[in-house]
Structure formats: structure tokens, C-alpha cells
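Here is a note for a colleague who is opening this entry for the first time. Please keep the sequence and the structure in view while reading the numbered points.

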Amino acid sequence: MRSSRTSSVQTLGAVTASLFLTAATVAQPPPRRAEAAYAVDDAALIGAAGRTGDWLTYGGTYKEQRYSVLDQINDGNVDQLGIAWVQETNTKRGLEATPLIVDGVMYATGAWNVIYALDAVTGEPLWTYDPEVSRSIANKTCCDAVNRGAALYRGKVISATLDGRLIAIDAETGELAWSAMTVPEDSMYTITGAPRIARGKVIIGNSGAEYGVRGYVDAYDAETGERAWRFYTVPGNPADGFENEAMRMAAETWTGEWWTGGGGGTVWDSIVYDPELDLLYLGVGNGAPWDRNLRSPGGGDNLFLSSIVAVRPDTGEYVWHYQTTPGDTWDYTATQPIMLAELPIGGRVRQVLMQAPKNGFFYVLDRRTGELISAEEFVTVTWASHVDLASGRPVELAGARYTDQTVNVMPGPLGGHNWHPMAFSPKTGLVYIPAMEMGNFYVPDPNYEYTPGQWNLGVRAASPEDIPQAIVDATGLSGQMLAEDAPPALLSGHLLAWDPVAQREVWRAQYTMPWSGGTLATAGNLVFQGTPFGQLTAYRADDGEKLWESYTGSGVIAPPITFESGGTQYIAVMSGWGGAFGIVGSRSARQAVESEGRIVVYALGATGRPIERQERREIRVTRIDHGAEAEDIDAGRRLFNQYCLVCHGYGAVSGGVTPDLRQSSQRVFNSYEAALLEGALVDLGMPSFAPVLARDDVALIKAYVLYRRNMLADEQGSQAP
């Protein structure tokens with residue numbers, strides 16, 4: 001591991017002072033050191049709402065509403081925001097993290113889990129810590145080399161790494177305090193989520209359901225790194241006994257030998273602590289494989305998949321659960337952000353939990369008991385007609401489950417809302433959701449067999465012949481376009497202002513593509529959100545009028561934060577295109593800005609140099625003879641979809657994070673065996689596939705990519721002047 005402490009920018013991989021810009025018009029208080037981080041204890045976290053100048057925890061406070069009472073920046077002057085400073089991260093990978101602020105020091109995490117400590121007012125680097133995550137871990141990640149942030153506690157910056165470590169870094173020195181491996185060695189688990197602190201314990205989940213793992217959440221002592229408890233989210237083999245009565249209960253909702261494929265149920269994002277009720281809420285993910293017919297052939301709800309589970313933070317003891325999608329078969333995780341609030345419902349104020357998970361319904365639950373209060377669709381939903389309030393269950397529509405034929409369902413596996421945090425303003429009473437309209441073709445895989453260490457969905461990526469003719473006729477698009485090019489016309493996104501009491505839309509800001517950033521609401525009657533087109537945008541919170549935008553240089557998916565120092569309010573965001581849609585979104589995702597990521601900080605009247613716009617240059621390609629027959633192309637497509645799609649996109653059309661394989665040079669095509677079988681590019685995040693691919697397989701994949709290249713060459717030729 002590498003840690004360094006410096007007052008220059010060199011440790012961030014740069015060599016010139018141009019990597020950070022300060023505005024002379026912004027008051028500059030004396031530099032502050034990191035000692036304040038030592039005062040971030042249980043009392044400070046519980047009282048975070050009163051620490052208006054800081055941003056102490058992932059969601060701002062334990063309620064995770066991402067709301068700030070700061071109003072120096074407001075709907076009357078937001079158009080005067082300028083850039084205070086910019087700090088480059090020098091990586092072209094997705095940036096999803098929420099920076100933390102304590103007493104003028106910023107702690108941010110970037111791609112590959114590098115941690116940065118910066119002066120929050122000037123951008124001056126204090127130290128960086130590189131946990132040296134092996135780039136070979138890319139073989140185990142579904143959705144880019146991302147993470148969503150760190151936690152602060154008693155002088156430590158605590159973060160989880162892609163390879164499954166939980167690390168505590170001294171906030172003052174940048175040195176490693178302790179490290180704990182939270183996953184079995186050489187397993188397919190990864191971690192992308194931000195840890196949370198509850199009663200002196202670090203709570204962390206993990207990822208990897210598609211690779212055949214069994215989900216769980218761990219609690220570690222924040223001072224020592226010793227594990228305190230583990231709560232499994234799905235049952236294991238009954239022959240081995242059950243860890244607790246909750247697992248015994250859950251096992252009654254499964255059939256077959258689900259444990260051979262792990263079961264899934266990873267808690268890869270939302271973990272929220274409620275100090276008032278002393279409950280910890282866990283958002284649980286999808287099953288492994290996706291297709292319930294394969295993992296639980298006799299049916300069943302498959303607890304605790306796609307559920308919100310409440311446990312005790314001291315012991316991990318189960319308290320209650322609510323399942324959003326019983327027997328999930330569409331990858332409808334309930335890992336999406338959970339927030340807590342007090343809402344006037346039915347003539348009284350109720351303590352509620354709110355979530356807008358992938359399945360397209362907005363849920364309001366009693367957070368003490370898990371009782372469903374209300375649920376309404378917030379995006380287009382075609383798999384269920386409504387949620388029955390008496391039973392708490394969705395009423396599924398006929399034909400939504402893919403048993404023996406392809407079905408087209410909305411939302412798709414990326415959901416009506418994904419990990420991008422939503423915000424709630426007590427001032428307007430509205431929740432601000434990064435909503436998406438995205439469907440998916442679910443194609444049954446009759447030849448599915450569980451393969452340890454590989455992508456196990458139980459569904460195939462749609463090929464042109466899998467698309468029903470009725471859908472082709474309805475859209476006017478070819479099966480080829482629908483299956484391999486992710487046409488923008490069928491995808492969109494919007495910032496949705498939602499009334500959680502009336503369960504209705506109040507306003508929306510429409511975008512031409514999905515995967516916009518998380519949101520921030522402030523008492524200045526503002527909502528901030530980044531867009532895939534590189535803009536950080538401010539809207540009036542009560543009516544949605546756009547008031548300001550600023551170019552950040554890359555597609556923004558992370559949520560902004562705000563803080564105050566020396567009497568000045570700042571807005572900060574990490575700008576870096578990537579994540580799941582940024583990789584696999586293909587033609588649609590390529591509309592986004594592609595550049596290296598950075599941290600951008602704004603203040604009123606700041607005069608830092610604007611970020612220059614990136615010129616988008618189309619690389620024109622020539623045809624290369626692949627010499628393959630049609631059946632070889634089809635075989636290559638199937639292999640590509642199984643092993644390559646998750647990083648290189650549908651139809652080998654890059655979403656912008658990884659190279660577009662169709663545009664490769666002849667030299668690259670000549671080195672396919674070295675890259676795929678010998679690990680020649682492992683340092684760039686391209687692992688070896690020698691355990692699962694043979695030379696003939698590599699030849700078929702190359703033939704398919706060349707076929708797609710030639711399609712691009714023909715398309716470019718038809719567009720020539």
C-alpha cells in the first residue's frame with residue numbers, strides 16, 4: 001500500500017499547479033488540519049444535522065436525506081456560482097463517491113479505492129492513500145472499478161476496497177491503522193458500497209450475486225477492526241444447520257438446491273442506521289441466478305432477496321423485513337438508497353422509511369414495524385399492475401415472467417432507479433429521484449449451468465433473432481439495433497420531484513438519456529444534480545425551473561454535497577463517467593462526456609478558470625476481413641455476451657469507459673490471444689480468461705468483433721458527405 005503526505009499536487013499523479021484552481025474572490029481562512037476528524041464520534045454522527053458546515057457521513061446525516069440547511073447559495077443567486085478549485089484524479093473510470101467534510105478537510109475516494117485528503121477550501125492535497133487493488137479484480141466486477149465513499153470515525157477514514165478489504169486510515173497522517181479481510185480469499189465477492197458507522201461499529205456489505213455468492217452484512221469494531229457479527233441475507237444448505245431463526249424462516253421460501261449457486265442477495269449499497277429506534281436497515285439485492293425457475297425451481301418468495309431487512313446494530317439480530325419483489329426474476333434489487341423521515345400521514349406524523357428501488361414502485365414503510373403504508377409506480381412499470389396494500393405484495397401481470405419465451409419488461413435490470421442517491425427536502429416535502437425509463441429483453445437460457453467464478457444469470461443477452469417481430473414492428477427498429485446498439489430512442493431519464501405523502505409526481509426535468517447523478521437538496525430552495533453530458537445543474541426545488549449549470553468535463557453520476565467554511569458555502573461534486581450503464585449502455589452511453597475524472601468545487605463569486613469542453617472526435621474505421629462463416633459469428637456473439645459484454649458493451653459498442661473494440665488497430669486484433677489468455681493487459685484492468693476460454697474461442701470472439709467493426713465501417717461510409 002502507498003501513502004504519502006505532501007503540500008503539492010504530485011501525489012495525485014500530476015506535476016503542475018494547474019491541477020487545482022483557487023478563486024481570489026472567495027475568502028480564504030487559514031488552512032485547517034485533520035485533527036477535527038478525531039471528534040467524529042457517535043454523538044457527532046447523531047447530531048450531524050446540527051453540524052451545518054460539515055458533511056460527516058454518506059447521506060449527510062443518519063436519515064440520509066441529503067438535505068442541507070445552508071442557504072447562502074439560493075434560488076436568487078445560484079447563477080453567480082463559479083469554480084473555486086478543481087482537483088484531477090487522473091483516471092478514466094467511474095466516480096460515484098460522496099466526499100466527506102469535517103472542519104475544512106475533504107476526504108474523497110476515487111477509482112480503484114484511492115483515498116484523497118484535501119484542503120476543502122483551496123483543494124491543496126494533504127495526503128493520498130492507494131490500497132493497491134490488483135487490476136485483475138476487474139474480472140469479478142459487474143460495474144466498473146467504482147466505490148461510493150468512506151466513513152469517518154474517531155480520527156479514522158474507513159473505506160472498503162474492491163477486493164474485499166475494510167481499511168482504516170489515520171485521518172491526520174494518511175497511514176494505515178488497521179485492515180480486515182471481509183470476504184473469503186480467492187472468492188468472487190467484491191465491494192463497491194460505502195461503509196456506515198452504527199454504535200461504534202463499521203457496517204459493510206458486498207457485491208457479487210451474479211458470480212454465485214451468498215450475501216451477508218458484517219459489523220466490525222471501528223477501533224480495532226475485529227469482526228463483531230455477521231448477518232446472512234439468504235439461507236445456506238439446510239444440512240449444515242441455520243445460523244439463526246431468521247435463516248430457518250427464510251429457507252422455507254426456497255426450493256431445490258439453491259445454495260449450490262450461492263443464492264445471491266448481496267447488500268451492495270444501502271445501509272441506514274436509525275438511532276431513534278436503534279435499528280439498522282439493510283437493502284438486499286437480487287438472486288443468483290436471476291431466473292427464479294433455475295435457482296428455486298419449485299417457486300417461492302426466496303427471502304430475503306429484494307427486501308428491506310431491519311436488524312439490531314449491536315448483534316445483527318433480525319427484527320423485521322419487507323420484500324419489494326417476492327420471487328424476483330428480473331434483477332429488481334432493493335439495494336437502492338433508503339432514507340428516513342417523519343411524514344404527516346392519515347392525520348398523524350409517522351416515522352417512515354422511503355425507498356424507490358429498481359422495480360419501479362416508490363415505497364413508504366413504517367420504519368418501526370416494516371408495515372407497508374403506500375406504494376405507487378414512479379416510472380413505467382409493465383411487470384405488475386399495482387401493489388396490494390392489504391397483502392403488501394405486487395400484483396404481477398400475466399406473461400411478465402420469462403419461462404419459455406423472450407419477454408420485454410419495464411423497468412429493466414438497471415431499474416427505474418439505481419444506486420444514484422435521491423434527496424428529500426423537509427422544506428418542500430418532496431423527494432428528488434434520479435429516475436430512468438429503461439426496458440429489457442429477458443431471454444431464457446435453456447442450456448444454463450452454474451459455472452463457479454463466472455457470470456451466472458440464467459438469461460441470455462438478446463440476439464437479433466430473439467426479438468419478437470411484434471416489438472420490431474412497434475418500434476420501427478431492426479432486431480439488430482434492438483439487441484446490440486441500445487438505441488437512445490428507447491431510453492431516457494429524468495429528475496423526478498415526488499410527493500411521498502400523496503404518492504404523485506410534482507415536476508420533472510427531462511433528459512434524453514438515463515444514468516444522471518445523485519441529488520442534493522438545500523434550504524436555498526435548490527436541487528443540484530449532475531448529468532451524463534458533464535453538467536452540474538441547479539433547479540428551483542419547488543417548481544423545477546432550471547436556474548444554473550456548469551460544465552465539469554465528464555459525465556456526472558456521483559451526488560453533490562455542500563459545506564461551509566470561513567463563512568462561505570461551497571458545492572462539491574466528483575465528475576467521472578462510468579458505472580454499469582457507462583460500460584454496457586453502448587450507443588446510448590456514448591452520448592455522455594468521456595474524459596478523466598475530477599473533483600470540482602464551487603462558490604458564489606468564485607472566478608476559477610472554466611473547464612474546457614472536450615471535443616468529440618469520431619474515429620473512422622476501415623473494414624477488416626474476418627473470414628468467418630455466419631455460424632462462427634453467432635458463436636462469437638454468444639461468447640462475447642458471456643465474457644466480454646459486461647465491460648465492453650452490447651454489440652462491442654463501448655459506453656465510453658473502456659476502449660471501443662470496434663475501433664482497435666490491427667496490432668490490437670493481432671494480440672487477442674495475449675490479452676485474453678496470457679493477461680498481457682492485466683495492469684489496465686483486462687484480466688486473463690485462460691481458465692474458461694480456449695484459442696478457438698478467442699478466434700470466434702475476434703471474428704464477432706471484426707464483424708461489428710465492419711458494420712461500423714459500412715455505417716460511417718453511408719454517412720460520408
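1. In this note, contact means heavy atoms within 4.5 Å, while helices (H or I, at least four residues) and strands (E, at least two) are DSSP runs, numbered from the N terminus. The model is a predicted one, in which local features need pLDDT of at least 70 and side-chain atom pairs count only at pLDDT 80 or more, whereas totals for chains, interfaces and linings use all residues. Residues are numbered from 1 along each chain as its sequence is written, and side-chain values use heavy atoms, with hydrogens and water left out.

2. A residue is called buried under 20% relative accessible area, exposed over 50%, and partly exposed in between (1.4 Å probe, protein chains only). The buried residues of helix 8 are Ile 633, Ala 635, Gly 636, Arg 637, Leu 639, Phe 640, Asn 641 and Tyr 643, and they pack against helix 5 (479-484), helix 9 (645-648) and helix 12. With the expected span taken as 1.5 Å times one less than the number of residues, the 14 residues of helix 8 should span 20 Å, which agrees with the 20 Å between its end C-alpha atoms.

3. The packing of helix 8 (residues 630-643) on helix 12 (residues 695-718) has an angle of about 100°, and the two axes are 7 Å apart. Axes here are lines fitted to C-alpha atoms, for helices over the stretch in contact, and angles run from 0 to 180 degrees between N-to-C directions. Angles under 35 degrees count as roughly parallel, over 145 as roughly antiparallel, 65 to 115 as roughly perpendicular and the rest as oblique, and helix 8 and helix 12 are therefore roughly perpendicular to each other.

4. Among the residues that meet in this pairing are Ile 633, Leu 639 and Phe 640 from helix 8, and Leu 700, Ile 701 and Tyr 704 from helix 12. The contact of helix 8 with helix 12 has 10 nonpolar, 1 polar and 3 charged residues, where Ala, Val, Leu, Ile, Met, Phe, Trp, Tyr, Cys and Pro count as nonpolar, Asp, Glu, Lys and Arg as charged, and the others, Gly among them, as polar.

5. Which cysteines does a disulfide join? If a disulfide is taken as a pair of cysteine sulfur atoms within 2.5 Å, the count comes to 1 disulfide, and it joins Cys 142 to Cys 143, with 2.0 Å from S to S. The link of Cys 142 and Cys 143 is left-handed, with -90° about the S-S bond. Cys 142 is partly exposed at 27% relative accessibility, and Cys 143 is likewise partly exposed, at 24%. Cys 644, by comparison, is in no disulfide, and the nearest cysteine sulfur, that of Cys 647, is 8.8 Å away; Cys 644 counts as buried, at 11% relative accessibility.

6. Two loop residues deserve a look. Pro 357, in the loop between strand 23 (348-355) and strand 24 (361-366), is buried at 0% relative accessibility, and it touches residues including Thr 324, Tyr 363 and His 417. Gly 429, in the loop between strand 29 (423-425) and strand 30 (430-437), is partly exposed, with a relative accessible area of 24%.

7. Finally, please check the backbone at two cis peptide bonds. One joins Ala 288 and Pro 289, with omega about -5°, and another joins Leu 303 and Phe 304, with omega about 0°.

Terms used:
Lists of a residue's contacts leave out its neighbours within four places in sequence.
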